[in-house]
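Hello,

Here is the structure I promised to pass on.

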Amino acid sequence: MVRETYTYTSKMNGMANLESIIPKCASFSHIKQLQAYIFTSGTFKFSRARSKLLDLCAIASFGSLSFAISVFRQIPSPFTNDFNAIIRGLVQSPQPSTAFAWYRSMQRGSFRVDALTCSFTLKACARVLAATESLQLHANIIRFGFMADSLLGTTLLDVYAKVGNLSYARLVFDEMQLRDIASWNSLIFGLAQGSQASEALDLFKRMEVEGLKPNEVTVMGVLSACSNMGDFKEGEKIHGFIRNQKLDINVQVCNALIDMYANCGFVDKAYGVFDNMGCRKCLVTWNTMIMAFARDGDGHKALKLFEQMEKAGVQPDAVTYLAVLSACNHAGLVEDGVRLFNTMGKHEVKPNVKHYGSLVDLLGRAGRLKEAYNLINSMSMVPDVVLWQSLLGACRIYKDVEMAEIALRKLVEMGSNNCGDFVLLSNIYAAHARWNDVGRVRDAMKNREVKKVPGFSYMEVDGSRHKFFTGDKSNARWKEIYSKLDEIRFKIKELGYVAETSCVLHDIGEEEKENQLCYHSEKLAVAFGLISTSEGTPIHVIKNLRICGDCHAVIKLVSKIYERQIIVRDRVRFHKFKDGFCSCRDYW
């Protein structure tokens, strides 16, 4: 009996020593030696040291998840901690969804699941955006009685936010007994990235009312909300808060500020933040500012900044080149774009399909359609749908029917069912008055069940968002809006305006075509801005698709007649209209 007690105590002491040695392992060979010792010394059946070893092996950069799993397979009766070690390793592996199978095997084998098991598996859900598994885990967490665990509640909230189930994220948040800063941040980020950016701002304000102090992560989330809505006024208020709390010493916060100002159309303010950062700029900072100039259509400033970046010793990456190529694209700097593309190898950056896509778009919009087509065919990688869509878009500008048909044929072969592809070809046929072909494309869309994405525009007035669709009469002031549009129509005709009816996809009279164009969503939004904001106030409109040629021409004239700056952010870039001109110089 004494000897047995001594042996057990020795093993326990040995296990305690092992627990202190395991974290000091500096290589995979050390882990393997310890595993062999634990196995041969008889301490293998004690779970604490074994679980720690599994945990280290499964997640350490020098470890081996496959080795950890092989060790696990040798355990006759694994404990919860053993499972947790493997599941945690799987979450961080290239195949995080495998964690679900391990979680289910625990349940099938009647092994005890704890809060950590659920937490790790939820993180796997977040990585692969597994909405169904998230709901199943939520049900289990309630059944196991783990909802009181605030950390687990925050993880669950974060998962729902990432998979886009914002109603459940809100429900978890509201039912949490204790909310820490992480839970507030998770919901704010989820709302900001989803379709509820204004709710993210409301939550930020509520957070302050309840006496919680926002941190760097909080302000980055709420800046993202302002960025998505194009809400410059709220963004500027948050910038003031950031300065007062001295949060602008954080480089990531400054990057978020640059992005917010750029997405709201205030590239000068974005550059002010960039310039004040001094030597604290990181690669992301430079990339964000170059892309800001690109979206603003100022290719020359983007190129100049790229040169400054090189002189500062900052090595450009694939994102940098994509930003500067995009800048050349928006500004029509064809030769500069081709030159930069050819020098990517100098910085050991290998062109990817997005770089090729930008160059194809650049060449195509410059009218060099044959060069763009040959570039696609010369690629070492398989072209994606975006490349052919870029070429198709260029064909619309130059009304090249033959090349457009080739591009659409390629897209159909690749399984693309995007309504925009068919609409672009219809536009080209319509421009040539080939109405039978327009009808044929329309029939093909019906047969393939291609649904056209409705264009819409929106703007913020006094904290309220107003959304408009083409021909929309849902706004409470729709009669005033339409009356203003009639006034605009009369005034622009006095300046020589002629409707650009070539993009109307119907064989109807010119007057009816003009009537259809008159009530596009961006025109409705601009008219609403004129009647609902004071004279001289800039009008900001956000559109989900590219602005059409007729709307572009009309808004230029409106900016001159009513002496208003009008900023339209479409799917691709900014258009700043002032005194009858646009910042894009009619190149978009």
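Helix 12 and helix 13 cross in a left-handed way (the near helix is turned anticlockwise from the far one by less than a right angle). This is a predicted model, where local features need pLDDT of at least 70, side-chain atom pairs count only at pLDDT 80 or more, and totals for chains, interfaces and linings use all residues. Residues are numbered from 1 along each chain as its sequence is written, and side-chain values use heavy atoms, with hydrogens and water left out.

Helices (H or I, at least four residues) and strands (E, at least two) are DSSP runs, numbered from the N terminus. Axes are lines fitted to C-alpha atoms, for helices over the stretch in contact, and angles run from 0 to 180 degrees between N-to-C directions.

Helix 25 (residues 419-431) and helix 26 (residues 435-447) cross at roughly 170°, and their axes come within 8 Å. They are therefore roughly antiparallel (angles over 145 degrees). Contact (heavy atoms within 4.5 Å) involves, among others, Phe422 and Tyr429 of helix 25 and Trp435 and Arg440 of helix 26. The contact residues divide into eleven nonpolar, one polar and two charged. Ala, Val, Leu, Ile, Met, Phe, Trp, Tyr, Cys and Pro count as nonpolar, Asp, Glu, Lys and Arg as charged, and the others, Gly among them, as polar.

Now the cavities. The structure holds two of 30 Å³ or more. A cavity is a set of points on a 1 Å grid over the protein atoms alone where a 1.4 Å probe fits but cannot get out; lining residues have an atom within 4 Å of a point. Grid points are joined across faces, edges and corners, and a volume is the space filled by probe spheres set on the points.

The largest cavity holds about 100 Å³ of space. Eleven residues line it, with Arg489, Ile492, Tyr497, Cys518 and Lys523 nearest its centre. Helix 27 gives the most to this lining, four residues. Seven lining residues are nonpolar, none polar and four charged.

The second largest cavity holds about 50 Å³. Its lining includes Gly230, His540 and Arg569. Strand 3 provides the largest share, three residues. The lining divides into five nonpolar, three polar and one charged.

Best wishes

How values were computed:
Angles under 35 degrees count as roughly parallel, over 145 as roughly antiparallel, 65 to 115 as roughly perpendicular and the rest as oblique. On a 1 Å grid over the protein atoms alone, a cavity is a set of points where a 1.4 Å probe fits but cannot get out, and a pocket is an open set with protein on both sides within 12 Å along at least five of seven lines; lining residues have an atom within 4 Å of a point.
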